[in-house]
Amino acid sequence: MACIGSSRLCARADKLCQFGHFSQIRRKLSTTFTKSRVEIERSIAPLVHHCQNRTSTPRCRIGIARAMSSMQTIQPGSLPDYQIDPYRLIEDDLKLVYDGIRLELNRNTSQEELRNISMYYFDGQGKAIRPLFAILMARAINYHKKERNDLLLSQRQIAMFCEMIHNASLIHDDVIDQADYRRGKPSVNVVWNQKKVTMAGDYILAVASMLLARIQNDEVTITLAETITDLVQGEFMQLGSKETENERFAHYLNKTYRKTGSLIANMLKAVAILAEVNDQIVELTYQYGRNIGLAFQLVDDFLDFVSSSEAMGKPTAADLKLGLATAPVLFACERYPELNAMIMRRFQEPNDVERAFELVHKSQGLDQTKFLAKKHCAEAVRLIQSLAESPYQKALIVLSDLVINRMK
């Protein structure tokens, strides 16, 4: 399996960024994407024409989306069309995760307001991406090792821990960014005062740490403690910028890994450690999570430019308004160098945000961002195909497609 175009590009993209060849990546991505888009459209044209002449349009739209997704992400024929709903497959496990989180937050304090604030984002309105990946990977590995359909309590606790860390970081983000809206409702810092909200974020972190300690596995504790240091470092990196284009993109990728990729990658590594599999499988799970995490954030940055506030459940173009240059902007700099000055002044002058938004849409920055995300998902699929076939392994393949094609 390989991504569309040059497999060497897929293998070397991160290295090129690190060694200061960002412009080379952009040129190759641009050429490859343009070539592949024509081939994709030619391949699905009969399906589109067929569906336009049918009355059952919803089914046809699903067929087109699936065809587009498979052809854009993986070479034809390498990704089976699995009819699996990952959420339904483990819905009982997910319910236990969220019930367990609420129980932990409820029983560790007698302060009713602290309970309410800390549980505000555990209302079932999120995507549950982290516990979903954790449980599917745990079950896939357990089946790979023993051909048994089971889940360790400690593996479920990893899913709980990581979802709690993620939500604590959202609370702190909302305070720092002065957010107004998240998940289709007023953000937590709007409902309660910022001091109480900040302490509630700290409370979630503390309860999560107690949960982690009860697992009593030093390697897992060290692995997951690293995710917290990465989150903090990622936030610090986001406050700064680099002067040169090459440094800027490497800085962006490093920040993206620390803020998003590390939690997913190390979470999956932790459930593998608890399954007591060999080092090769542990590394496989880490690399799968790393690629999925990077792809997820790249798509998030893409959606910030193309999706509506209603679909996202939070304001769009938010990163530009916060002075942040994400992948679509960095790619757009190749065609519109005037963006470099805006990046350095963090889009603070009048009309900077509107002008940058316009230039990103006029460039190939969005296409190139989506292509890079697909490259990472393709690598994740290649890795997970090494595990024994099971419903959970198949669901992890399907999830890579959902990461790319999600609308929020």
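Predicted model: local features only at pLDDT ≥ 70, side-chain atom pairs only at ≥ 80, totals over all residues.
Which side chain does Lys-185 meet in a salt bridge?

**Figure 1. The whole chain, before zooming in.** Here we have 20 helices and two strands. Of the 408 residues, 54% count as buried. The chain exposes about 18600 Å², and carbon and sulfur atoms supply 51% of that. Take the contacts with a separation of 6 or more: residues 24 or more positions apart make up 75% of them. Searching the whole structure for salt bridges turns up 18, and a few get their own close-ups below.

Figure 2. Skipping residues up to four places away in sequence, Met-164 touches Ile-101, Leu-105, Phe-122, Ile-204, Val-207, Ala-208 and Leu-211. As a bit of background, nonpolar side chains in soluble globular proteins tend to be buried together.

Figure 3. Leu-239 lies in the loop between α11 (218–238) and α12 (245–274). Is Leu-239 buried or exposed? With a relative accessibility of 61%, Leu-239 is over the 50% cut-off, so it counts as exposed.

**Figure 4. Lys-185 and Asp-123 bring distant parts of the chain together.** Back to the opening question: Lys-185 pairs with Asp-123, and their side chains meet in a salt bridge at 2.5 Å, N to O. Lys-185 is in strand β2 (residues 185–186), while Asp-123 is in the loop between α6 and α7 (129–146), so to speak a link across 62 residues. Lys-185 counts as buried because its relative accessibility is 17%, whereas Asp-123 is partly exposed at 33%. In general, side chains of opposite charge can pair when their charged atoms come close.

Figure 5. Start with Arg-115 and Glu-112, whose side chains meet in a salt bridge (3.1 Å, N to O). The two are three residues apart in helix α6 (residues 112–118), so about one helical turn separates them. Arg-115 counts as buried, with a relative accessibility of 18%, and Glu-112 is partly exposed at 45%. Now look at Glu-113, which forms a salt bridge with Lys-196 at 2.8 Å, N to O. That pair links distant parts of the chain: Glu-113 belongs to helix α6 and Lys-196 to helix α10 (residues 194–215), 83 residues apart. Glu-113 is partly exposed, with 34% relative accessibility, and Lys-196 is partly exposed too, with 33%.

**Figure 6. A salt-bridge network.** Which residues are linked in this network of salt bridges? Lys-95, Asp-99 and Arg-102 are.

**Figure 7. Asp-352, a buried acidic residue in helix α18.** Asp-352 is found in helix α18, which covers residues 352–362. Its relative accessible area is 4%, so Asp-352 counts as buried. What is Asp-352 in contact with, leaving aside its neighbours within four places in sequence? The contacts are Met-342, Arg-345 and Phe-347.

Terms used
Residues numbered from 1 in each chain as written. Heavy atoms only, no water. Helix = DSSP H or I, 4+ residues; strand = E, 2+ residues; numbered from the N terminus. Buried < 20%, exposed > 50% of the residue type's maximum accessible area, 1.4 Å probe, protein only. Contact = heavy atoms within 4.5 Å. Salt bridge = Lys/Arg side-chain N within 4 Å of Asp/Glu carboxyl O. Areas by Shrake-Rupley, 256 points an atom, 1.4 Å probe, with all protein chains shown as cover.
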